[in-house]
Amino acid sequence: MREPAEDLRAIAFCLERALEPSYRVKAFRAAAAAVQDLPREELERRAAAGTLQELKGVGKVTALVIRESLLGEEPNYLRRVQDLGTTPVDDATAALRAALLGDCHTHSDWSDGGSPIEEMARAARALGHEWVVLTDHSPRLTVARGLSPERLREQLEVVRRLNEVLAEEADAGAAPFRVLTGIECDINEDGTLDQEPELLAELDLVVASVHSKLRMPGPDMTARMVAAISNQHTDVLGHCTGRQVKGHGRGGQGRPESEFDAEVVFAACARFGVAVEVNSRPERLDPPKRLLRLALEAGCDVAIDTDAHAPGQLSWQELGCERAVRTGVTVDRVVNARNAEDLLRWTRRQPPGGA
Ligand SMILES: [Zn+2]
Ligand SMILES: [Zn+2]
């Protein structure tokens, strides 16, 4: 028997994977939320009477999807979008992707993501992951609704309760899965991190990223990044060049790489045990291959992340895996090929030279 809510979510997932604007996707997620808790008999009665659209969140297109789904047919719309955003990958890429157990960089609707934490978690579990780190933005990134210390503390409690639900589901036969706490923390211009140190210490994982003053002079950017990398709370250096590939987003103009001394930055990552992120977003593809090679030569580990802002974007890891394979990344260098326990052992490491 088909579930209308599942079909609606599957459509949203495919659209998100294809980087469709979130307003196009929202209708499907809203309709899924509107019908998921309604008894099937009511949906069938409404489908027969033509009153599905009277439900808040259900429109003409989504009502049609629901009707087809109730009849046990694969909705036309789903068939049309099914292959959007998928590309065939080679065996080595598929093998590396299959070895990944989690994702270190994801966003929810608490900051600039489009979906609730729970939906992101369920989508990550459905992709075969064992864990996902929730890394919403830090306070200074107001355009992305960065989380104040108070809101982040609130979020930690929400994640704690969600993990209880997921553990109960695992007891009942679902795949074991947990949401790890985290942040994508802005690297301030002076290299400090944009969140209270006590709070950063409490989180399972910290991604540190540059989001402002991307065009500062190279020597200043190098010092800024090294300061953040040497911060004892930093675990992953997010999208290190800040570039945006032409043909995507913001008018498709692209954005050049920030200038910094990559050898110095990657040496610092290796020294402080910070993983260099392979950001899988199609408009970022960051770092470019020549820099990723340099990071590997410097002895850095990598995190192949999606930076997903919607459930469908969680499937972008293949894009990062493809680049990783091409530059010689082996699975032993990939921090998110570890299980949650091993991952946490790494994020709780002592700083070099420390006690
Ligand atoms: Zn970012
Ligand atoms: Zn991000």
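1. An axis, as used here, is a line fitted to C-alpha atoms, for helices over the stretch in contact. Two packed helices are described by the angle between their axes and the distance between the axes. The model discussed in this note is predicted.

2. In this model, helix 2 (residues 22-35) packs against helix 4 (residues 60-70) at an angle of about 55°, and their axes are 10 Å apart. That angle makes helix 2 oblique to helix 4. The crossing of helix 2 and helix 4 is right-handed.

3. Which residues make the contact between helix 2 and helix 4? Helix 2 contributes Ala27, Phe28, Ala31 and Val35, while helix 4 contributes Val61, Thr62, Val65 and Ile66. Of the residues in this contact, seven are nonpolar, one is polar and none is charged.

4. For four tetrahedral donors, the ideal angle at a metal is 109.5 degrees.

5. Glu184 forms a bridge between the zinc ion (ligand 2) and the zinc ion (ligand 1), and these two ions lie 3.5 Å apart. Distant parts of the chain are linked by the pair His105 and Asp307, which are 202 residues apart. His105 sits in the loop between helix 6 (91-99) and helix 7 (117-126), and Asp307 in the loop between strand 6 (302-305) and helix 13 (317-326).

Technical notes:
Residues numbered from 1 in each chain as written. Chains lettered and ligands numbered in written order. Predicted model: local features only at pLDDT ≥ 70, side-chain atom pairs only at ≥ 80, totals over all residues. Heavy atoms only, no water. Axes fitted to C-alpha atoms, helices over the stretch in contact; angles between N-to-C directions. Helix = DSSP H or I, 4+ residues; strand = E, 2+ residues; numbered from the N terminus. Parallel < 35°, antiparallel > 145°, perpendicular 65-115°, else oblique. Left-handed = near helix turned anticlockwise from the far one by under 90°. Contact = heavy atoms within 4.5 Å. Nonpolar A, V, L, I, M, F, W, Y, C, P; charged D, E, K, R; others polar. Donors = N, O, S within 2.8 Å, 3.2 Å for Na, K, Ca; no water.
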